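Here are a few exercises to work through with the model open beside you. Try each task before you read its solution.

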Amino acid sequence: MIRWLFINRSIRTKIVWSSVLISLIPMLVLSMIFYKSSTRSLENAMFRSSDQNAAYLSGYLDQYFNNISSSALQIYGFERILNLMEHGANYNDADIILLRESIKNYDLLIQNKNKDIIKIMIFGKENKLEDSWSRAASYESVKIDQSIPHYKEMLDLPFQQALMFTYKDITLQQDFFVYSIPIYDPFYRTKFGTLVFYIQSKELAKMIEENNHTPNVIVLQNASGEPFYQTNGQYADSIPKYEKPEFNTQNNPKHIAFMKKNDLLVGTSRLNYGNIALSIVYPNPELEQNRRNILLTTIGAFIIVMLSISLLSILAQHYITRPIKLLGKAMKTVRKGNFHVSLQQNTNYRDDISELTSNFNFMTDKIRELIESKYEMQLLNKEAQILALQMQINPHFLYNTLQTIGGKAVLIGDYEIHEMCRALGDMFRYSFYEGNAASTIGQELAHVNNYLYIQQLRFEETLQIEFDVAPDLMDCAIIRFVMQPILENVIVHAFSKREVEQSLRIGVRVLREADSVVLAVQDNGPGIETDKLVALRSSFDNKSSDVFYGVSIGLKNVHERLRLVYGSPFGLDIESELGIGTTIRIRIPYNSNGGDSFVQSNGRG
């Protein structure tokens with residue numbers, strides 16, 4: 001990702017991306033801190049509000065259920081009722097009237113303290129119903145049988161453990177809340193019996209909801225973890241199952257343990273000495289809405305800040321990269337060969353960019369000076385190399401010619417001696433002419449013709465020469481001594497490998513091709529071996545390092561002279577086939593001015 005952002009990007013893009021990325025991480029961290037701290041503050045405010053509400057509700061419900069428990073435990077003040085529960089009723093006893101009076105007083109006491117209780121049932125030690133009271137006659141039909149949940153265990157509860165549950169009575173089609181509490185001897189912990197209280201479920205729900213705040217959800221569980229009341233079952237999975245502590249301790253109903261589960265705040269408290277668990281669920285949709293608003297605000301602020309940073313980065317990079325762009329354009333101009341480039345410098349201040357500009361101007365000035373100096377040296381070097389190459393003409397030709405003249409003079413006294421001397425004289429004058437190195441094709445061919453005339457006298461009819469030159473090309477400019485080394489190379493190599501009495505035919509053609517002139521020398525000699533031809537062509541591409549070390553003249557020297565004067569597009573090209581012959585083409589630029597004007601316009605231009 002980082003490579004994609006920065007590789008092959010302009011410096012403007014890199015500056016903008018760098019600014020954005022450098023700002024991105026701190027802004028993300030600050031945004032996250034702001035969001036976390038804001039939501040935590042809202043949660044803390046919710047927790048404080050929920051804690052106060054839960055403390056009030058748990059205290060109220062604990063008092064409500066404790067009133068039922070304390071009303072039941074007041075039976076210890078009625079000895080006759082305890083005796084009834086332990087030993088059963090004896091209707092022959094004279095105290096039966098007093099027992100009835102005691103039961104009536106106890107029932108009145110319960111009714112006065114708990115107006116929601118609609119039925120009281122007193123069971124004896126053997127779980128036998130000894131007496132009951134109902135607020136209305138209709139409740140007389142309420143029985144404890146198999147249709148009632150927990151009908152077995154509700155009469156055999158352990159010491160100090162009550163049981164609460166709700167059920168729907170089939171006969172009356174009403175929902176009842178049942179509170180069962182055992183009565184034990186507090187010293188010997190022997191069972192006297194069981195008291196069972198009935199309350200209409202709707203009255204219990206009404207009392208609870210009057211002290212609750214929507215949308216809070218109230219759940220009450222008995223000691224077995226069974227819910228006997230819940231506002232609704234929407235958050236049933238988020239409420240932990242209640243497990244009664246092993247030892248009964250003096251509980252504090254206002255001590256509420258809160259936990260976060262599924263983005264809910266769930267508070268749990270023990271009531272009625274641990275026989276009941278109160279769970280309160282706080283969904284608080286306002287908290288979720290406020291959290292969403294804070295998140296949107298944080299994201300909006302983050303986007304605005306990042307856009308501002310990006311905009312400022314774009315503006316900043318304009319001032320930073322503008323001189324760099326100008327410097328880049330100037331460098332492109334220099335790369336194209338124009339060194340007459342100078343950047344304007346601001347003299348009011350000095351910075352890194354101005355230093356680069358100053359160094360660039362200094363560099364272009366120096367390069368321009370070096371190029372001019374090198375160009376002048378190259379011109380001098382070219383002239384020196386041409387003169388040196390011209391001085392490398394093999395003197396063996398002169399010796400051989402003199403030997404030929406001497407031989408002719410000894411053998412016969414012929415007019416040919418005169419022609420040979422004339423031709424040799426012309427050649428000397430052409431070779432040692434101290435004027436300009438430039439010549440014309442006509443003059444070069446006249447020099448070659450003198451050379452070939454002498455060679456024909458030497459090899460007689462075994463050497464045949466053909467010329468094919470357009471008249472309009474005779475005045476075309478060419479440097480001196482281009483054709484003679486090639487013809488000398490052909491004669492030396494061809495005659496050294498030819499068979500006896502086999503004649504050598506050499507054809508010289510001059511033709512024009514577009515803006516070039518091609519001088520072709522073709523022979524019917526033995527040709528050049530393939531490996532030697534490849535090596536010869538390869539040597540044309542490598543500049544000779546021994547120009548001044550007396551190397552004999554040859555094709556490579558001619559090729560280098562042509563390249564030095566005319567440039568790389570021109571020079572020699574060789575084609576050869578064994579047993580067929582060789583063709584050497586000399587390519588030079590077409591210029592009809594001839595003579596000195598050619599050198600002035602091409603060699604030094």
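**Exercise 1.** Which residues of helix H12 (residues 530-540) are buried?

*Solution.* First, some ground rules: this is a predicted model, where local features need pLDDT of at least 70, side-chain atom pairs count only at pLDDT 80 or more, and totals for chains, interfaces and linings use all residues. Residues are numbered from 1 along each chain as its sequence is written, and side-chain values use heavy atoms, with hydrogens and water left out.

Step 1: apply the cut-offs, with buried meaning under 20% relative accessible area, exposed over 50%, and partly exposed in between (1.4 Å probe, protein chains only). Helices are DSSP runs of H or I with at least four residues, strands are runs of E with at least two, and both are numbered from the N terminus.

Step 2: read off the buried residues of H12, which are Leu-533, Ser-539 and Phe-540. Seen down the axis of H12, they fall within an arc of 125 degrees, so they line one face of the helix; the arc is that of the directions from the helix axis to the C-beta atoms.

Step 3: turn to the face of H12 pointing away from the buried side, where Thr-530, Asp-531 and Val-534 are exposed.

Step 4: find the packing partners of the buried residues, namely helix H13 (555-566) and strand E16 (571-577).

**Exercise 2.** Follow E16 into its pairing with strand E17 (residues 581-589).

*Solution.* Step 1: two strands pair if DSSP finds at least two bridges between them. E16 and E17 have seven, in the antiparallel sense.

Step 1: inspect the hairpin, which has three residues between the strands and in which Gly-579 takes a positive phi near 80 degrees.

**Exercise 3.** Which side chain of opposite charge is nearest to Glu-130, and how far away is it?

*Solution.* Step 1: locate Glu-130 in strand E2 (residues 129-134).

Step 1: count Lys and Arg as positive and Asp and Glu as negative, leaving out His and the chain ends. The nearest opposite charge is then Lys-128, 5.1 Å away.

Step 2: a salt bridge needs a side-chain nitrogen of Lys or Arg within 4 Å of a carboxyl oxygen of Asp or Glu. Glu-130 has none, although it is buried.

Step 3: list contacts (heavy atoms within 4.5 Å). Beyond its neighbours within four places in sequence, Glu-130 touches residues including Leu-84, Ile-122 and Phe-123.
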